[in-house]
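Please look through the structure shown here before reading on, and keep it in view as you go. The briefing is written for someone who is new to reading protein models.

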2 protein chains.
Amino acid sequence: MQASLEIDGGGELTERQKDVLNAALRLLVEEGDRLTMTAVARRASCSKETLYKWFGDRDGLLIATVQWQASKVRVAPVDRARIDLPSLTASLEGFASDWLSVISSETSIALNRVAIARAGSDGHGLGAIVLDNGRIALARRLKPVLEAARGKGLLAFDDAETAFRSFFGLVARDVQIRLLLGDRLKLTEAEIGRDAALATRQFLALYGGER
Amino acid sequence: MQASLEIDGGGELTERQKDVLNAALRLLVEEGDRLTMTAVARRASCSKETLYKWFGDRDGLLIATVQWQASKVRVAPVDRARIDLPSLTASLEGFASDWLSVISSETSIALNRVAIARAGSDGHGLGAIVLDNGRIALARRLKPVLEAARGKGLLAFDDAETAFRSFFGLVARDVQIRLLLGDRLKLTEAEIGRDAALATRQFLALYGGER
DNA sequence: GCCGAACCGTAACGTACGGTACGGCGGGTC
DNA sequence: GACCCGCCGTACCGTACGTTACGGTTCGGC
């Protein structure tokens, strides 16, 4: 089945279906791409027939699982009224530590691994979804903040996309690729806070206005 | 078979074996992780029996293939005598554009995809190899340059690792994760050059000494 | 010319897994 | 109570693929 390309991923799901997807998600974290339909059915205490009726095929189940996880992490848009340097700094540090927390979480690592593994062969369904709920969602939330700050003269840049990508690089650095490749790398809360503060300071040094 | 963990990956290989590994490499780029032993044998015009005799099993073949590719990209160490600001700038730009070229190449993408896909389940053999020949090799070559530049007062930092990771982030930004996830993103030579120059300028702004 | 080793091509085996079919059951409706 | 419907559990089917086995061919050494 070709799962419908709806934007929201958790809309018309019954509680039972959400339970099943949560089970699939946990299994995805534990087993990676080698989870089997049988294992999902057993873990969720449902029949394979039900899995196929609800999700069509294995691909449909994976897509629904990824969309379900994505729908759980939707965040409220940032309030960008009244922005000054301290609030901008705090906001950037918040974005940075949120992002570091996400990309170092077991769930994110597992989902990115599966999406990357399948990006080569299939019609890049999962990759687009993961990208859209990761990097792209971050950009959508951050760019208005950057542009508001530029409006107040707190930042100076020509292209918000370029500025965003610099911020992204300063924050993520090599963390995600190392974790995806299996590097043992434990990020504590304190380290995330320090790294976020450093990245923010560096970003302001590069893009801060009226120095 | 547990392939021996030798550091060099292309040492005791006959020409015929290199041909076979090159065929496997091409197939890996085309097919990703779903390459089959039959397909490799057919592409390399050899028998499966030979594949199993030489490489033990499918894992051994994949490991040998990744090591073989890694052995091909070994580069000469950088000459760090007589360093001044122009030569440092040129050197950093060289590192940056090399790295961007590597991570945007079909081969690197395919190898990273396979290594990431298997990093969750198997004994993280491939992930460690890819990491060691990617990020870690880059750090090994770049850090002496950074430290030499610090010795001349051209750069200022406490920890070479931290400085390196900032450089890494400024160069790579979101390029690698986007490509791994299947984002269509074509980097031209000119764009790589511009991005490398920008990253270098930003890195020097953050870590340049005696301003 | 003969022998053994290495190798090619292919057939065969075993298994794992995606997908389907079916019997049973509990719960809602009349 | 009779009926229906959605779902569970499980057995089953077909296939793909890793792995092994085997007959035939080439080639270097004697």
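This is a predicted model: local features need pLDDT of at least 70, side-chain atom pairs count only at pLDDT 80 or more; totals for chains, interfaces and linings use all residues.

The C-alpha trace of chain A spans about 65 × 35 × 30 Å when taken along its principal axes.

**Chain A and its annotated regions**

**How the two copies are related**

- In general, two copies of a chain are related by a rotation about an axis and a shift along it.
- For this model, chain A is superposed on chain B by a rotation of 180° with 0.0 Å of shift along the axis, and the RMSD is 0.1 Å. That is the relation of a two-fold axis.
- The same surface serves both copies, since 100% of the contact residues of chain A recur in chain B.
- Which residue of chain A comes closest to the rotation axis? It is Gly169(A), whose C-alpha atom lies at 2.1 Å from that axis.

**Helix packing in chain B**

- Two packed helices are described by the angle between their axes and the distance between the axes.
- Helix H1 (residues 15-31) of chain B packs against helix H2 (residues 37-44) of chain B at an angle of about 125°, with the axes 9 Å apart, and H1(B) and H2(B) are therefore oblique to each other.
- H1(B) passes H2(B) in a right-handed crossing, and the contact involves residues including Val20(B), Ala23(B) and Leu27(B) of H1(B) together with Ala39(B), Val40(B) and Arg43(B) of H2(B). By class, this contact of H1(B) with H2(B) has seven nonpolar, no polar and four charged residues.
- Helix H5 (residues 85-103) of chain B and helix H11 (residues 189-207) of chain B have axes that come within 8 Å and cross at roughly 130°, so H5(B) and H11(B) are oblique to each other.
- The crossing of H5(B) past H11(B) is right-handed, and among the residues that make the contact are Leu88(B), Leu92(B) and Ala96(B) of H5(B) and Ile192(B), Ala196(B) and Phe203(B) of H11(B). The contact of H5(B) with H11(B) has 10 nonpolar, four polar and two charged residues.
- Helix H7 (residues 125-133) of chain B and helix H8 (residues 135-151) of chain B pack at an angle of about 25°, with their axes 3 Å apart, which makes H7(B) roughly parallel to H8(B).
- In this pair, Leu131(B), Asp132(B) and Asn133(B) of H7(B) meet Arg135(B), Ile136(B), Ala137(B) and Arg140(B) of H8(B), and the residues of the contact divide into three nonpolar, one polar and three charged.

How values were computed: Residues are numbered from 1 along each chain as its sequence is written. Chains are lettered from A and ligands numbered from 1 in the order in which they are written. Side-chain values use heavy atoms; hydrogens and water are left out. Copies are superposed by least squares on the C-alpha atoms of residues with pLDDT of at least 70 in both. Contact means heavy atoms within 4.5 Å. Axes are lines fitted to C-alpha atoms, for helices over the stretch in contact, and angles run from 0 to 180 degrees between N-to-C directions. Helices (H or I, at least four residues) and strands (E, at least two) are DSSP runs, numbered from the N terminus. Angles under 35 degrees count as roughly parallel, over 145 as roughly antiparallel, 65 to 115 as roughly perpendicular and the rest as oblique. A crossing is left-handed if the near helix is turned anticlockwise from the far one by less than a right angle, and right-handed if clockwise. Ala, Val, Leu, Ile, Met, Phe, Trp, Tyr, Cys and Pro count as nonpolar, Asp, Glu, Lys and Arg as charged, and the others, Gly among them, as polar.
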